[in-house]
Amino acid sequence: MKVFIKGMLMGTADVVPGISGGTLALIVGIYERLINALKNLSPQIIYKLLRSLFFCIQKQGRENFVQEFKKIDGQFLTQLGFGVLSAIIIGSSFIPQLIIHHTALTFSCFLGLIVPSIFLPWSMIKKNRLSNYIFFFIGLAITIGSTMAVKGSVSGSSELISFANATWICFTSAFIAICAMILPGISGSFILMLLGQYIFILGLIVRLKQSVTGKVSAEKADALSLVQHFSTIETIILLSIFGLGCLIGLGVMSRVIHKALEKFHDHTMALLTGMIASALYVLWPFKIDMLNADGSILANKGIWIPRAYNTLPDFSSDSFVQSTILFAISLSLSYLLIRKGNKANKKAA
């Protein structure tokens with residue numbers, strides 16, 4: 001039960017674009033165990049598990065399954081996985097609505113959670129070199145450049161996403177974002193936000209949940225505008241593809257990141273710092289809708305984040321004051337959590 005609760009804490013962090021699941025794993029004292037378990041998830045182990053599961057009717061098959069299951073710390077990963085999944089399902093029911101209907105306030109909170117994370121990878125750099133700053137700006141340019149390219153092609157963004165395109169979106173988004181579970185300080189949902197697919201993926205989760213319950217409120221229907229044209233079967237397939245992307249991404253990206261940190265530790269950390277720092281631009285709370293020539297809305301700012309354009313706030317407005325207060329609160333909370341995570345990491349070391 002304790003592992004399940006810790007999984008829910010990690011899942012909550014994965015839904016909110018702020019504190020990463022890896023950071024929460026550090027705080028609750030399971031990060032090292034999680035990394036060791038994930039390292040053992042090789043294709044060979046997975047094949048042996050599936051093969052022994054197929055022959056589990058036989059006594060030898062059951063014994064082989066139990067043996068392979070213990071190798072990957074299967075009980076721990078299963079309990080943790082269910083906890084993460086439960087938190088994601090719960091969080092996806094209301095977070096998209098907050099982004100769409102209260103964009104400035106929600107993004108002020110998200111930005112406050114993320115800002116302290118900017119300094120976490122940089123603090124892990126061992127030698128202060130000019131090349132580190134070069135890689136920092138490369139990471140910054142990659143993320144902001146990709147976001148600006150999306151804004152430039154927004155003319156076709158009001159069209160519904162086809163099922164074929166959605167399959168690629170789900171797989172690639174999962175493959176890239178899952179690396180956040182391995183690196184403390186980087187939120188998987190933040191990466192999804194940078195990729196422009198945060199609302200889309202959460203929408204699929206809510207779409208499936210509503211298909212089961214049969215209840216669709218006006219607010220949730222608005223939040224699901226990107227995915228409501230998919231059938232229940234298509235939604236299940238897309239979420240399954242997303243899950244497959246996560247599994248493959250864990251296997252591949254964990255090894256890639258491990259090698260990169262092993263051979264190019266400082267440059268990798270500098271690159272990651274630049275990508276996180278781009279949050280200051282991508283998650284700027286004050287956005288405007290994209291408009292057609294006649295003044296009608298082309299793309300709602302809440303639904304099409306981060307395709308909405310940044311703008312200066314009205315400093316005398318209540319929205320600015322409220323956003324500033326939320327930013328300060330979330331900034332303080334994030335700082336305290338990361339500081340606690342750093343202490344836990346030092347004790348583990």
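This is a chat about a predicted model of one protein chain.

Visitor: Hi! How many helices and strands are there in the protein chain?

Guide: Hello! The chain has 18 helices and 4 strands. Keep in mind that the model is predicted.

Visitor: Noted. What share of the residues is buried?

Guide: Of the 349 residues in the chain, 47% are buried.

Visitor: What about contacts across the sequence, how many of them link residues 24 or more positions apart?

Guide: Taking the contacts with a separation of 6 or more, 78% are between residues 24 or more positions apart.

Visitor: Let's turn to annotations. Which residues does the "transmembrane region" annotation cover?

Guide: The unreviewed UniProt entry gives that annotation to residues 80–99, 105–122, 134–154, 160–183, 190–208, 236–257, 269–286 and 320–338.

Visitor: What does the chain look like over residues 320–338, in terms of helix and strand?

Guide: That stretch is 100% helix and 0% strand, and its end C-alpha atoms are 26 Å apart.

Visitor: And over residues 269–286?

Guide: There the chain is 72% helix and 0% strand, with 29 Å between the end C-alpha atoms.

Visitor: Now some aromatics. How many aromatic pairs does the count come to?

Guide: The count is 9 aromatic pairs. One of them joins Trp122 and Phe136, edge-to-face, with 6.0 Å centre to centre and 80 degrees between the planes.

Visitor: Is Phe136 buried or exposed?

Guide: Phe136 counts as buried because its relative accessibility is 17%. Trp122 is partly exposed, at 27%.

Visitor: Got another edge-to-face example, say Phe315 and Phe320?

Guide: Phe315 and Phe320 form an edge-to-face pair, 5.0 Å centre to centre and 80 degrees between the planes. Phe315 is exposed, with a relative accessible area of 56%, while Phe320 is partly exposed at 22%.

Visitor: Back to Trp122: which residues form one aromatic cluster with it?

Guide: Tyr133, Phe136 and Phe137 form one cluster with Trp122. Phe137 lies in helix H10, which spans residues 130–152.

Visitor: Why does Phe137 count as exposed?

Guide: Because its relative accessibility is 51%, and the cut-off for exposed is over 50%. Phe137 also belongs to a nonpolar surface patch with Leu130, Tyr133, Ile134, Ile138 and Ile142, and together they have about 600 Å² of accessible area.

Visitor: Let's go inside. Where does Ser108 lie?

Guide: Ser108 is in helix H8, residues 103–114. Ser108 counts as buried, at 3% relative accessibility.

Visitor: What is Ser108 in contact with, leaving aside neighbours within four places in sequence?

Guide: Pro285, Ser323, Phe327 and Ser330.

Visitor: Last one: what does Phe242 touch, not counting residues up to four places away?

Guide: Phe242 touches Cys170, Ser173, Ala174, Leu192 and Ile201. Phe242 sits in helix H15 (residues 232–263) and counts as buried at 17% relative accessibility.

Visitor: How far apart are the C-alpha atoms of Phe242 and Ala174?

Guide: They are separated by 5.5 Å, although the two residues are 68 apart along the chain.

Conventions:
Residues numbered from 1 in each chain as written. Predicted model: local features only at pLDDT ≥ 70, side-chain atom pairs only at ≥ 80, totals over all residues. Heavy atoms only, no water. Patch = residues over 30% accessible without salt bridge, like charges linked within 9 Å, V, L, I, M, F, W, Y side chains within 5 Å. Areas by Shrake-Rupley, 256 points an atom, 1.4 Å probe, with all protein chains shown as cover. Salt bridge = Lys/Arg side-chain N within 4 Å of Asp/Glu carboxyl O. Helix = DSSP H or I, 4+ residues; strand = E, 2+ residues; numbered from the N terminus. Buried < 20%, exposed > 50% of the residue type's maximum accessible area, 1.4 Å probe, protein only. UniProt positions renumbered as here; feature names shortened; annotations may be inferred. Contact = heavy atoms within 4.5 Å. Phe/Tyr/Trp six-rings, centres within 6.5 Å; stacked < 30°, edge-to-face > 60°.
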